[in-house]
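Subject: Structure handover

Hello,

Here is the structure I promised to pass on. Please have it open while you read. My notes follow below.

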Amino acid sequence: MIRAVFMDIDNTLLDFDAAAQEGMAHCFEDAGLIYKPEMFSVFKEENDRIWKKIEAILKKLGLEADGVAMEMLFRKCLFYSAVPMEGAKEILDHLQGKYILCTASNGPYEQQICRLKKADMLKDFDHCFVSEKIGVDKPDVRFFERCLEQLPGIRAEKCMIIGDSLTADIAGGQAAGMETCWFCREKKEESELENVRRTHKADHVIKRLEELKDLL
């Protein structure tokens, strides 16, 4: 029986991609550049490798501007961004009082706390575990071990982690001995989802957060 539920923040509770698009558009406008939505694919490609290095993104797009100033503004935009994922608030209401609710997020602590507070979600959590405070990032098993140290009497097998990352959330949770639930935001055929279940061995796969009501 699950006693504690760990939830990822970015692209699980809060829409990081939507926030990043808003931030990019604002930065481009501030720098006197024309921003086009299709440019975001370049951000995602570069972001996977080097986080938020605006200068590299500008170079790939063939644009010139003060990349350092843009990156500072972009980080400020992300700090205050809070675009809830569809169904996030409703599922937190559903889980409230039934489980020990914890965030399990990589990133700067103050930024994640600020975003949750702005989204009116911070009050729903009993613990906010963020890598900057924990001292190690997911999927390192030490992240989860240090979280559990703050939950006396709660064993890993009594916990479920829910997140969109097959590596940080699912593989990390499995290594720690937790039950896992992959939140698949991308449109995939059922055969693809089944392949993920076999390959990554996620205990559960959901396409919408409201599906958690059937699991928890």
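First, a term: two strands pair if DSSP finds at least two bridges between them. Helices (H or I, at least four residues) and strands (E, at least two) are DSSP runs, numbered from the N terminus.

Now the ground rules. This is a predicted model, in which local features need pLDDT of at least 70 and side-chain atom pairs count only at pLDDT 80 or more, while totals for chains, interfaces and linings use all residues. Residues are numbered from 1 along each chain as its sequence is written, and side-chain values use heavy atoms, with hydrogens and water left out.

**Overview**

The chain has 10 helices and 6 strands. Of its 216 residues, 48% are buried. Buried means under 20% relative accessible area, exposed over 50%, and partly exposed in between (1.4 Å probe, protein chains only). The accessible surface of the chain is about 11100 Å², and carbon and sulfur atoms hold 48% of it. That area comes from the Shrake-Rupley method with a 1.4 Å probe; for residues, only the protein chains shown count as cover. Among contacts in the chain with a separation of 6 or more, 64% join residues 24 or more positions apart. Contact here means heavy atoms within 4.5 Å.

**The sheet**

The 6 strands form an open sheet. Their order is β3-β2-β1-β4-β5-β6, and the pairing is parallel. At the edges stand β3 (127-130) and β6 (204-206); each has a single partner strand, so one side of each is left without a neighbour in the sheet. From one strand to the next, the twist averages 20 degrees. Axes are lines fitted to C-alpha atoms, for helices over the stretch in contact, and angles run from 0 to 180 degrees between N-to-C directions.

Start with β1 and β2. They run parallel and are joined by 4 bridges. M7 has T103 as its bridge partner in β2. On to β3: 4 bridges join it to β2, again in parallel. There, C102 stands opposite H127 in β3. As for cover, 5 of the 6 residues of β2 are buried, so β2 is largely enclosed by the rest of the structure.

Next, β4. It pairs with β1 in the parallel sense over 4 bridges. The bridge partner of A4 in β4 is C159. β4 also pairs with β5 in the parallel sense, over 4 bridges. In β5, I162 has C181 as its bridge partner. β4 is mostly covered, with 5 of its 5 residues buried. In a regular strand the side chains alternate between the two faces of the sheet. In β4 both faces are covered: C159, I161 and G163 are buried on one side, M160 and I162 on the other.

Buried residues in α9 are L166, A168, D169, I170, G172, G173 and A176. Just after α9, G177 takes a positive phi of about 90 degrees.

**The cores**

A nonpolar core is a set of buried Ala, Val, Leu, Ile, Met, Phe, Trp, Tyr and Cys residues joined through side-chain atoms within 4.5 Å. The largest has 27 residues, and V5, M7, L212 and L216 touch the most other members. Elements giving two or more residues to this core are β1 (4-7), α5 (88-95), α6 (109-118), β4 (159-163) and β5 (179-183). α5 gives the most, with 4 residues. Apart from this core lies another, of 18 residues, including A4, V136, F144 and I161.

What is M7 in contact with, leaving aside its neighbours within four places in sequence? The partners are L13, I91, L92, L95, C102, T103, A104, F125, I162 and L212.

**A buried arginine**

R115 is in helix α6. At 1% relative accessibility, R115 counts as buried. Its side chain makes a polar contact with the side chain of Q112 (2.8 Å). A polar contact is a pair of N or O atoms within 3.5 Å; within protein, one must be able to donate a hydrogen and the other to accept it, and residues adjacent in sequence count only if both atoms are side-chain atoms.

Best wishes
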